[in-house]
Amino acid sequence: METFGIWLAALLTIGIISFLYKDNVLYKACESIFVGISAGYWFITYYWDNLYRKFYLGVTDMDNPHRFFLWIAFALGVMMLTRLIGKIGWLSRWPLAFIVGATAGLYMMTYFVSNAFVQVGATIKLPPDFGSVGSYISFGMIALGTFSGLVYFFFSKEHKGVFGGTAKLGIWFLMVTFGASFGYTVMSRMSLMLGRLDFLFGEWLGMIN
Amino acid sequence: MTNIGVIISMVFIFGGLLAIMIYSLRGKDIDRRIIFLFVFISVATSVIFNVEFKEYPTVIVKKVFDKIESLPPGSKVLISFDFDPAMKPEVFPMANAFVRHCLVKGHKIYLMTIWATGQALMNETVETVIKEEFPDAVYGEDYVTLGFKAGGVGVLNVIITDFRKMYPTDEHGTSLDSIPLFAEVKSAKDLDLVLPIGGGQPGPKEWILFIGDPGDVPIAPGLAAVVAPLIYPYYPKQAIGLLGGVKGAAEYESLLRQVYPQFQDVPAPALRMMGPQTMAHIVIMAFIVIGNITYFRSRRRGAE
């Protein structure tokens, strides 16, 4: 059974990689299998975790004082499905509005604190190891990069003279940042490929110890 | 074998690159499939010949290692497996290295996930690392698996005040009240360190925003490379250190082997992947250089 699984995984991997040559039937089949299995996996997971554990066990637990609130969540879930029924499809906007509102409320203060206040504070304050040559360079780069980056995004004044030069420096900092992101993305994608090659040459073909 | 592999790989890579450069300088277009094939073969030869390079730990990775080292034995460390099989090659080695390090130091580990796909991977770590390499580790006293809970950041928002409201039981249905590891743990604020591993949303960033900052809990994320640049701004105040992609994982494995020689023979998949990674990066950088040379040459010809 394990051998069958390895062969199946190997053929599916080759099927997906075959897209790099050109779009083909094998790729389409593998893609459909992947999408179908993913959908099935998520459905089963959410069924047992949400509908069974949270909802069914919650509403049938007579000691749970908040069990009636679960019916509201259930009703919102059913309303989401009305999207599939043309005439009453507008009902699905209510649970969507609830999700958007709840998410915005959940994130708003957290983002203000963590991504604004703490980040600005950490940028302004001197680092604990300030004093060494490395820390001078590091702090100088952060100060210069932050300032020039902000100047680049200030469009109320024409980018000319000293202001324009600073904005240009800001672009350089941004480009270096994008370059670092690109490098990391390449590493990430290569890791995915390596994972599959490791499987093909190792578990499937047995060429790696 | 490795040396022969390096020589064969280098000959192939530089010979092929030279041929492609000459071809493109003649003004001929290169089919993108040739580039794909070239990258594939250069990486495949590195994988087959097991090309490896020595890793030197960077400060940002060493800080995570030092933090786990400096915690007194018995400290409470939570590891969250917030990833899927697609991310497995680059972040799973981090998870296993963290588990090994924590258990060898005598820390208590709490395993959980806010990704449904993380559950099976978490159990793989339990079966292949904890049970095989640390047979004396006792479930409930040295480690516990909480499993998956749906809700994303909602889960984090609850466990920062009370674990039991979100996890009345562990993964196996045992009440948290009867698990010794939870005797002194009410919420995530009672943890000494959190190691979220992942690269999507919700993931390490949400752990910083919803657990690290409000609960003043030290966070040291292990990240898929694609999100690492987005988390760097949180270092060092909001994240005490971080592991970025397979490179970070390889550095951590290298540190672990240096400090604990008993791990010399355990698998180090990230270290093994760095050879092919390096080859792939050399090839991609070479293609960028070739592309630019060809572009400027053709532009100069156009001007003439």
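Helix H8 (residues 204–215) of chain B lies across strand E1 (76–82), strand E4 (193–198) and strand E5 (222–223) of chain B, at about 150° to E4(B). Axes here are lines fitted to C-alpha atoms, for helices over the stretch in contact, with angles from 0 to 180 degrees between N-to-C directions. Helices (H or I, at least four residues) and strands (E, at least two) are DSSP runs, numbered from the N terminus.

This is a predicted model, where local features need pLDDT of at least 70 and side-chain atom pairs count only at pLDDT 80 or more, while totals for chains, interfaces and linings use all residues. Residues are numbered from 1 along each chain as its sequence is written, with chains lettered from A and ligands numbered from 1 in the order in which they are written.

**Exercise 1.** Work out the strand order of the open sheet in chain B and find its edge strands.

*Solution.* Start with the order: six strands run E3-E2-E1-E4-E5-E6, with parallel pairing. Pairing here takes at least two DSSP bridges between two strands. Now the ends: E3 (143–148) and E6 (243–244) of chain B each pair on one side only, which makes them the edge strands.

**Exercise 2.** Describe how H3(B) and H10(B) cross, and sort their contact by class.

*Solution.* Take the axes of H3 (residues 59–70) and H10 (residues 245–259) of chain B: they come within 10 Å and cross at roughly 50°. That makes H3(B) oblique to H10(B), since angles under 35 degrees count as roughly parallel, over 145 as roughly antiparallel, 65 to 115 as roughly perpendicular and the rest as oblique. Then list who meets whom: Val61(B), Lys62(B) and Phe65(B) of H3(B) touch Gly248(B), Glu251(B), Tyr252(B) and Leu255(B) of H10(B). Contact means C-beta atoms, placed from the backbone, within 7 Å. By class, that's four nonpolar, one polar and two charged residues. (Ala, Val, Leu, Ile, Met, Phe, Trp, Tyr, Cys and Pro are nonpolar; Asp, Glu, Lys and Arg are charged; the others, Gly among them, are polar.)

Notes
Two residues are in contact if their C-beta atoms, placed from the backbone, lie within 7 Å.
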